[in-house]
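Subject: Handing over the structure

Dear colleague,

Please find the structure below, followed by what was found in it. I would be glad if you could read the notes alongside the coordinates.

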Amino acid sequence: MADDTASPPSQLNTMIVDDEPLAIERLQLLCARQEHINLVGTASDGEAAIRLAHQLEPDLLLLDIAMPGMDGLEVAKKLSELETPPAIIFVTAFDKFAVEAFGVAAIDYLLKPVEAERLSIAITRVLERQTDQVPVPAEDSPWAEEFWVPYKSELRRIAASEINRIEAERDYMRLHVGSEQGGSSYLLHQTITGLEGRLNPEHFIRLHRSHLVRRDWIGGLRHDGGGIWMACLKCGTEIRIGRTHLAEAKKLAGR
């Protein structure tokens with residue numbers, strides 16, 4: 001007797017939405033090489049995308065953002081109201097919409113021109129998400145759990161728990177991930193005050209006007225005898241503690 005238990009589809013019924021015919025054509029060619037993609041329709045504007053999505057009930061949208069009229073973010077918000085909303089992979093020429101894109105629960109964000117390998121990774125993420133049976137928490141945390149940062153021709157997902165320290169570089173924040181020697185760093189376009197407001201203060205502490213550090217990455221505190229205090233990080237780096245942040249830093253040592 002056949003097992004009627006529902007399982008995630010090995011083929012994703014997919015729609016392409018883009019206002020540029022050449023962009024649609026390029027994505028069609030890329031999708032033709034993807035074994036898990038079944039292309040069911042295309043749309044060249046947001047309104048048409050909404051109408052087609054209601055008729056075709058796709059599993060996945062490859063969705064442009066910057067379109068005249070209803071843009072891709074608005075389309076994603078409208079479709080999220082469906083009983084079974086499609087997965088969204090944004091495909092755009094601009095990285096500036098990343099924060100808004102993941103605010104509407106996009107699974108991935110691809111920068112044009114899309115490479116076949118990068119599209120394949122995004123599709124795998126969609127399939128994995130459909131397989132996951134992780135329950136949705138009752139309440140959303142007010143703190144950011146991840147950041148999407150530009151890296152070469154893509155955006156990379158960085159979990160907040162992976163970040164050891166953050167330092168300001170003019171209009172950007174440099175996120176340090178992993179050990180200081182063998183780790184990586186990524187630039188994020190945001191102010192340090194704005195970033196501090198998004199991080200859980202139980203996990204991160206502001207030590208200086210230009211430095212945020214994960215609390216458990218601090219191995220000790222020392223002073224030079226002249227009133228200047230330094231935070232000694234587990235990687236060996238030392239960061240000067242600003243006067244306005246010294247009292248909070250000393251609380252780490254119970255002082």
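Glu57 counts as exposed, because its relative accessibility is 62%, where exposed stands for over 50% relative accessible area, buried for under 20% and partly exposed for values in between, with a 1.4 Å probe and protein chains only. This residue lies in the loop between α2 (46–56) and β3 (60–63), and it has a positive phi of about 50 degrees although it is not a glycine. Helices and strands are named here as DSSP runs (H or I of at least four residues for helices, E of at least two for strands), numbered from the N terminus.

Please keep in mind that this is a predicted model, in which local features need pLDDT of at least 70 and side-chain atom pairs count only at pLDDT 80 or more, while totals for chains, interfaces and linings use all residues. Residues are numbered from 1 along each chain as its sequence is written, and side-chain values use heavy atoms, with hydrogens and water left out.

Two further places in the loops deserve a look. Arg170, found in the loop between β8 (163–169) and β9 (172–177), is not a glycine and yet has a positive phi of about 55 degrees; with a relative accessibility of 85%, Arg170 counts as exposed. In the loop between β5 (108–111) and α5 (116–131) sits Pro113, which is joined to Lys112 by a cis peptide bond with omega of about -5 degrees.

For the chain as a whole, there are 7 helices and 15 strands, and 41% of the 255 residues count as buried. The accessible surface comes to about 14,700 Å², of which 49% belongs to carbon and sulfur atoms; these areas come from the Shrake-Rupley method with a 1.4 Å probe, and for residues only the protein chains shown count as cover. Among contacts (heavy atoms within 4.5 Å) between residues at least 6 apart in sequence, 50% join residues at least 24 apart.

Turning to the sheets, strands are said to pair if DSSP finds at least two bridges between them. Strand β11 pairs with β12 (residues 211–214) in the antiparallel sense over 4 bridges, and Arg206 stands opposite Leu212 in β12.

Arg206, a residue of strand β11, is buried, with a relative accessible area of 13%. Its side chain makes a polar contact of 2.7 Å with the side chain of Glu196, a polar contact being a pair of N or O atoms within 3.5 Å of which, within protein, one must be able to donate a hydrogen and the other to accept it, with residues adjacent in sequence counting only if both atoms are side-chain atoms. A polar atom of the Arg206 side chain also lies 3.1 Å from the backbone oxygen of Arg209. Leaving aside neighbours within four places in sequence, Arg206 is in contact with Ile192, Thr193, Glu196, His211, Leu212 and His245.

A second open sheet is formed by 3 strands in the order β13-β14-β15, again with antiparallel pairing. Strands β13 and β15 (238–240) stand at the edges with a single partner strand each, so one side of each is left without a neighbour in the sheet. The twist averages 25 degrees from one strand to the next. Between β13 (residues 218–223) and β14 (residues 229–233) there are 5 bridges, and the two strands form a hairpin with 5 residues between them, where Gly225 in the turn has a positive phi of about 90 degrees. Met230 in β14 stands opposite Arg222, and in β15 the bridge partner of Met230 is Arg240.

Finally, the buried residues of helix α7 (residues 243–250) are His245, Leu246 and Ala249. Seen down the helix axis, they fall within an arc of 125 degrees, so they line one face of α7; the arc is that of the directions from the helix axis to the C-beta atoms. These buried residues pack against β11 (204–208), β13 and β14, whereas Thr244 and Ala247, on the other side of α7, are exposed.

Conventions. Axes are lines fitted to C-alpha atoms, for helices over the stretch in contact, and angles run from 0 to 180 degrees between N-to-C directions.
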